[in-house]
Amino acid sequence: VVNASEESAMVTLLVSNNFSEVKAFVFKKYNFGNLFEVACSDVCERFKLCLFLTLLVCLARSQTNELSGVLTSVVYVSCMEVVSDWLKHCFMTKFNHLPARNYDVYTERLARDVVTGRGGGGFALDHTHAVTRRLGLAVLPLAIIAARYASIASGHLRQTLQLNSFGVVCVNALLLCCAFELK
């Protein structure tokens, strides 16, 4: 939607969407635990947004050499999301009389999950599994979407760069090594 819309229509859509999100969350009663759940859902939403915007920029770069329009849209979307989340959390903490230091406790809880690798019992082989489970982030669908976008972008890049099959294998092997290292 962002890439195919005009700038004014996109801003209107973002403002209305973010305003409805603020309105839906602000006028409800929250406690320490509920605020943590909202903060975790915002973390997941921000991660997904960053992933999708990065994939959009990669796909646009593989199809065209002009990125200024896409990068402008990415900046608009990112800034509107940050401002709306900031306002939402400001209102939620103010109206529910919750101290801002709760966010420090949330940060410590997530950091402890990363360090210990356990999230409420049991043992996990991957140290990030506890954080992923606590945040409620579904990793497999996002990985499939990223792989699909990467296959589309690699097809466009292969045509643009005129790579032979050995070059494609080398690029894919390099991307696979990067994916294993980032995991």
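Colleague: How many helices and strands does the chain have, and what pattern do they follow along the sequence?

Modeller: The chain of this predicted model has 7 helices and 0 strands, and reading along the sequence gives the pattern α-α-α-α-α-α-α. Of the contacts with a separation of 6 or more, 73% are between residues 24 or more positions apart.

Colleague: Where should I look for nonpolar side chains, and which residues have the most contacts inside the largest nonpolar core?

Modeller: In soluble globular proteins, nonpolar side chains tend to be buried together. Here the largest nonpolar core has 14 residues, and L35, F36, M92, L110 and L135 have the most contacts inside it. Helices α2 (32-63), α4 (102-116) and α5 (129-135) each supply at least two residues of this core, with α2 giving the most, 5 residues. A second, separate core has 10 residues, including L14, L53, A60 and V74.

Colleague: With which residues is L35 in contact, leaving aside its neighbours within four places in sequence?

Modeller: Beyond those neighbours, L35 is in contact with Y30, H89, M92, T93, L98, Y103 and Y106.

Colleague: Which residues form a nonpolar patch on the surface, and why does V83 count as partly exposed?

Modeller: The patch is formed by F27, V83, W86, L87, F91 and F95, which together have about 660 Å² of accessible area. V83 lies in helix α3 (residues 68-95), and V83 counts as partly exposed because its relative accessibility is 44%, a value that falls between the cut-offs of 20% for buried and 50% for exposed.

Notes:
Residues are numbered from 1 along each chain as its sequence is written. This is a predicted model: local features need pLDDT of at least 70, side-chain atom pairs count only at pLDDT 80 or more; totals for chains, interfaces and linings use all residues. Side-chain values use heavy atoms; hydrogens and water are left out. Patches are made of residues with over 30% relative accessible area and no salt bridge: like charges are joined within 9 Å, nonpolar side chains (Val, Leu, Ile, Met, Phe, Trp, Tyr) within 5 Å. Accessible areas come from the Shrake-Rupley method with a 1.4 Å probe; for residues, only the protein chains shown count as cover. A salt bridge is a side-chain nitrogen of Lys or Arg within 4 Å of a carboxyl oxygen of Asp or Glu. Helices (H or I, at least four residues) and strands (E, at least two) are DSSP runs, numbered from the N terminus. Buried means under 20% relative accessible area, exposed over 50%, partly exposed in between (1.4 Å probe, protein chains only). Contact means heavy atoms within 4.5 Å. A nonpolar core is a set of buried Ala, Val, Leu, Ile, Met, Phe, Trp, Tyr and Cys residues joined through side-chain atoms within 4.5 Å.
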